[in-house]
Amino acid sequence: MKNYRLLTLLILLFTISLTTSKCKKNKTPANPDEQLPPETQSGSNTFGCLVDGKVFLPKRPFGALNPVLTCYYEYIYYPSPVGYVFQVSASDNSSPSLPINLNILFDSSKIMVNKYFLQNGNKGYARGNYRKFTNNVLDDYYTFSQSSGELNIKKFDEINQIISGTFWFNAVNALGDTVHVTDGRFDMQYTK
């Protein structure tokens with residue numbers, strides 16, 4: 001009888017430990033909307049990254065219709081032929097007093113599936129930009145030659161107008177403060 005109780009107790013403890021470890025493995029964050037979107041290449045119009053370790057996703061206030069996610073790739077003619085310009089931009093406007101915008105701009109260069117350095121905004125280069133408003137004051141952070149990053153275009157489909165990729169960058173504001181953007185990904189249908 002004593003062995004039976006001991007065996008029952010051991011089986012019970014073993015079952016509890018398996019259940020506990022399984023629950024820990026399947027644990028999801030309290031707010032699943034605060035997860036980065038998966039890396040896809042289907043034109044699903046997704047964008048996300050970490051800004052100083054915190055999830056950044058495009059958001060708008062309830063009921064607002066303004067776009068918070070845009071992407072275009074077009075040939076600029078005016079005032080003279082300039083070249084192809086690519087931009088993907090995302091905004092978090094969920095707090096009207098503290099809007100945040102993040103964008104990647106590629107000026108005067110044809111896009112291909114390739115890796116590009118994010119440095120400055122001069123022609124032929126790509127740059128990353130993070131901007132936030134605090135108490136109605138604009139705080140702009142830019143990449144430049146000493147503070148760079150990388151844009152990796154993984155899919156570029158000109159027929160279906162789909163562009164997908166990953167990115168990271170470090171950007172600096174006028175005061176010398178740095179923001180670290182990591183684990184960035186986007187999968188967009190672009191306009192021409």
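This is a predicted model: local features need pLDDT of at least 70, side-chain atom pairs count only at pLDDT 80 or more; totals for chains, interfaces and linings use all residues.

**Exercise 1. Describe the chain as a whole: which elements does it have, and in what order do they run?**

Solution. Step one: count the elements. The chain has one helix and eleven strands.

The order is α-β-β-β-β-β-β-β-β-β-β-β.

Step three: look at burial and contacts. The chain has 192 residues, and 35% of them count as buried. Among contacts with a separation of 6 or more, 53% join residues 24 or more positions apart.

**Exercise 2. Work out where Ser 89 sits and what its side chain makes a polar contact with.**

Solution. Step one: locate the residue. Ser 89 belongs to strand β4, which covers residues 83–92.

Step two: check its accessibility. The relative accessible area of Ser 89 is 9%, so this residue is buried.

Step three: find its partners. The side chain of Ser 89 makes a polar contact with the side chain of Asn 101, at 3.2 Å. Beyond its neighbours within four places in sequence, Ser 89 is in contact with Val 68, Leu 69, Thr 70, Asn 101, Leu 102 and Asn 103.

**Exercise 3. Show which residues Val 181 touches, leaving out those up to four places away in sequence.**

Step two: list the residues it touches. These are Cys 49, Leu 50, Val 51, Leu 102, Phe 167, Trp 168 and Phe 169.

Step three: pick one of them, Leu 50, and compare sequence with space. Val 181 and Leu 50 are 131 residues apart along the chain, yet 5.6 Å separates their C-alpha atoms.

**Exercise 4. Describe the largest pocket: how much space lies in it, and which residues lie nearest its centre?**

Solution. Step one: start with the volume, about 200 Å³.

Step two: go to the lining. There are 14 lining residues, and Val 51, Asp 52, Ile 100, Tyr 130 and Val 179 are nearest the centre. Elements giving two or more residues to this lining are β2 (54–56), β7 (126–134) and β11. The largest share, three residues, is from β2.

Eight residues are nonpolar, one is polar and five are charged.

**Exercise 5. Find where Asp 52 and Asp 183 lie, and look at the phi angle of each.**

Solution. Most residues other than glycine have a negative phi.

Step two: read the angles. Asp 52 has a positive phi of about 50 degrees, and Asp 183 has a positive phi of about 55 degrees.

Asp 52 is in the loop between β1 (46–51) and β2, while Asp 183 is in strand β11.

Step four: check accessibility. Asp 52, at 46%, counts as partly exposed. Asp 183, at 42%, also counts as partly exposed.

Conventions:
Residues are numbered from 1 along each chain as its sequence is written. Side-chain values use heavy atoms; hydrogens and water are left out. Helices (H or I, at least four residues) and strands (E, at least two) are DSSP runs, numbered from the N terminus. Buried means under 20% relative accessible area, exposed over 50%, partly exposed in between (1.4 Å probe, protein chains only). A polar contact is a pair of N or O atoms within 3.5 Å; within protein, one must be able to donate a hydrogen and the other to accept it, and residues adjacent in sequence count only if both atoms are side-chain atoms. Contact means heavy atoms within 4.5 Å. On a 1 Å grid over the protein atoms alone, a cavity is a set of points where a 1.4 Å probe fits but cannot get out, and a pocket is an open set with protein on both sides within 12 Å along at least five of seven lines; lining residues have an atom within 4 Å of a point. Grid points are joined across faces, edges and corners, and a volume is the space filled by probe spheres set on the points. Ala, Val, Leu, Ile, Met, Phe, Trp, Tyr, Cys and Pro count as nonpolar, Asp, Glu, Lys and Arg as charged, and the others, Gly among them, as polar.
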